[in-house]
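Dear colleague,

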Amino acid sequence: METVTRTNIGPERQINQDRLLATRTGPSGYLLAIGDGLGGNPGGETAAELFIENVVKDLTDKDNLSPVQLLLNANQAIINHGLHHPEIAAMGSTATLAALREKQLLWAHIGDSRLYILDPNGLRQITRDQTLARSLYEEGKIDRHEIPSHSLNHFLEQCLGEDDIEPDQGACEVNSGDLFLLCTDGLHDVVVDQQLEKILTGKSSLTNKADILIQTALDSGSKDNISLILHLV
């Protein structure tokens, strides 16, 4: 197994509100997590930081929790923090978490960060973007190509920091050679899936692929923080 993480503040942001985690959870286990603090309200970076901190704490205290429970616990920690810090009580974060155990990957997700898998069948997005624009597409009100530029594309259906969240979740089989990509919208908003697949299937090292992804996002005009995790099984 090999893991590479990258984060870049981007050309226009004053604060990097993205947070990453990649850690072993046993001889054959690995946990990957990525969060993107919401910039519309104060405290986005705090929410993302609390998400990662709480996951680390739970892994130390209760290493058998499901990805969904890890997200729910982190959500409550963010809400509790807001009660004591009303100036940032409206803070929020996306959260995508993947737990690799033996031959299986369990994942949980909220917001619009993404989890991809690259296997012999090609690159596919595992998570669903929980945005209002995506919902309009699923309701047949807009075409798929309209999603990236739609005015509601960055309005989330839910995020960490809200009451009564319902994370998406799932599982998939893992095989040797599979490559997982977790990323924030600073990458996937400007680097389309075809570009991602071309870079990830290239002959360069995993480290070089991570660097190329960041540079491609910058060259493509990303104005947001850009963060990613690559994990090769």
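At 33% relative accessibility, Glu162 counts as partly exposed, where buried means under 20% relative accessible area, exposed over 50% and partly exposed in between, with a 1.4 Å probe and protein chains only. Please note that this is a predicted model, in which local features need pLDDT of at least 70 and side-chain atom pairs count only at pLDDT 80 or more, while totals for chains, interfaces and linings use all residues. Residues are numbered from 1 along each chain as its sequence is written, and side-chain values use heavy atoms, with hydrogens and water left out.

Of the 233 residues of the protein chain, 48% count as buried.

Turning to the charges, the count comes to 7 salt bridges, each being a side-chain nitrogen of Lys or Arg within 4 Å of a carboxyl oxygen of Asp or Glu. One of them joins Asp211 and Arg6 at 2.7 Å, N to O; Asp211 lies in helix 6 and Arg6 in strand 1, so the pair ties together parts that are 205 residues apart in sequence, helices (H or I, at least four residues) and strands (E, at least two) being DSSP runs numbered from the N terminus. Asp211 is partly exposed at 36% relative accessibility, and Arg6 is likewise partly exposed, at 24%.

Another salt bridge links Asp129 with Arg114, whose closest N and O atoms are 2.6 Å apart. Asp129 is buried at 11% relative accessibility, and Arg114 is buried at 12%. Through shared partners, salt bridges join Arg114, Asp129 and Asp193 into one network.

Best regards
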